[in-house]
Amino acid sequence: MYRLEEEGKADFWEVEALYDLCFAPGREALSSYRLRDDVAPVAPLCLVLREDGVLAAAIRYWPVLVGGQPVLLLGPVAVHPTRQGEGLGGYLIHESLAEARRLGWKRVLLVGDAPYYGRFGFRRLTGVRMPPPTNPERVLGLELAPDAWAGVTGAVEKWRG
Ligand SMILES: CC(C)(COP(=O)(O)OP(=O)(O)OC[C@H]1O[C@@H](n2cnc3c(N)ncnc32)[C@H](O)[C@@H]1OP(=O)(O)O)[C@@H](O)C(=O)NCCC(=O)NCCS
């Protein structure tokens, strides 16, 4: 039986280990991580999915700013290699985005594969620049409210809380 829960303190290192397993070494050197340094994640959107206690998938979100507007940065998201392709990633993304909408977030940003994230409604954001080096074709956005990305352009900046 699967259980979806908010990530707690006790989950932290297990989630880190899952990310280490699923991503290339040096993931924390990516420019997107500079936006996360010393910024608290959005706790209610950081979810862990367990089957009989075993961690199967996890997702985290951070707040960032674009043109002074609040934006959710989706990721990292990862599914354990033995469980990929079973819909767990899609489930985590759908559930967390629904919660983000309920919490009043209006727009979401991520750096990822358009062919995968397109199925959730993410589209290329042409006016938004991630810190280099980021392939602009991988900068994708989703609106949680009508026209929420309209006029929101510029460099992605660290959250100033
Ligand atoms: C990407 C990831 C989160 C998807 O989760 P998942 O549970 O395996 O995916 P789902 O079961 O929800 O969806 C599977 C579908 O997505 C497709 N898919 C998975 N990764 C893809 C990618 N990178 N690009 C395009 N399509 C992809 C599969 O081909 C499959 O397609 P189908 O439905 O037509 O058969 C997971 O595979 C993973 O953790 N990968 C390694 C880490 C990673 O790359 N994270 C994302 C960073 S951008």
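## Helix 3 and its buried side

Let us start with the inward-facing residues. Leu-88, Leu-92, Ile-93, Ser-96, Leu-97 and Ala-100 are the buried residues of helix 3. They sit on the same side of helix 3 because they cover an arc of only 155° around the axis. That arc is taken over the directions from the helix axis to the C-beta atoms. A residue is called buried if 20 or more other C-beta atoms lie within 10 Å of its own, exposed if 12 or fewer do, and partly exposed in between, with C-beta atoms placed from the backbone. Helices (H or I, at least four residues) and strands (E, at least two) are DSSP runs, numbered from the N terminus.

What do the buried residues of helix 3 pack against? Their partners are strand 2 (47-51), strand 3 (54-66), strand 4 and strand 5 (107-111). Contact here asks that the C-beta atoms of two residues, placed from the backbone, lie within 7 Å. On the face turned away from the buried side, helix 3 carries the exposed residues His-94, Ala-98 and Arg-102. Helix 3 has 15 residues and spans 21 Å from first C-alpha to last, close to the expected 21 Å at 1.5 Å a residue. The expected span is 1.5 Å times one less than the number of residues. After helix 3 comes Gly-104, with a positive phi near 95°.

## How to read the model

This is a predicted model: local features need pLDDT of at least 70 and side-chain atom pairs count only at pLDDT 80 or more, while totals for chains, interfaces and linings use all residues. Residues are numbered from 1 along each chain as its sequence is written.

## Around the ligand

Which residues come nearest to the ligand? Of the 16 residues around the ligand, they are Gln-84, Gly-89, Gly-90, Gly-112 and Tyr-116. A residue is near a molecule or strand if its C-beta atom, placed from the backbone, lies within 6 Å of it.

By type, the shell divides into eight nonpolar, six polar and two charged residues. In this scheme Ala, Val, Leu, Ile, Met, Phe, Trp, Tyr, Cys and Pro are nonpolar, Asp, Glu, Lys and Arg are charged, and the others, Gly among them, are polar.

## The annotated domain

The UniProt annotation "domain: N-acetyltransferase", from an unreviewed entry, covers residues 1-145. UniProt positions follow the numbering used here, feature names are shortened, and annotations may be inferred rather than shown by experiment. Over residues 1-145 the chain is 23% helix and 33% strand, with its end C-alpha atoms 33 Å apart.

## Backbone details worth a look

Most residues other than glycine have a negative phi, and most peptide bonds are trans. With that in mind, here are some exceptions to inspect. A cis peptide bond joins Gly-75 and Pro-76, with omega about 0°, and Pro-76 lies in strand 4. Another cis bond joins Pro-132 and Pro-133, where omega is about -5°. Pro-133 belongs to the loop between strand 7 (128-129) and strand 8 (139-143). Pro-133 counts as exposed because it has 7 C-beta neighbours inside 10 Å.

Asp-52 has a positive phi near 50° and is found in the loop between strand 2 and strand 3. With 8 other C-beta atoms within 10 Å, Asp-52 is exposed. For Asp-147, phi is positive too, near 55°. Asp-147 sits in the loop between strand 8 and strand 9 (154-158), and it counts as exposed with 10 C-beta neighbours inside 10 Å.

## Contacts across the sequence

Is Leu-18 buried or exposed? Leu-18, a residue of helix 1, is buried because 21 other C-beta atoms lie within 10 Å. Leaving out residues up to four places away in sequence, Leu-18 touches Leu-55, Ala-58, Ala-78 and His-80.

Glu-7 lies in the loop between strand 1 (2-6) and helix 1 (12-22) and counts as partly exposed, with 19 C-beta neighbours inside 10 Å. Glu-7 and Ala-43 are 36 residues apart in sequence, and their C-alpha atoms are 7.4 Å apart in space.
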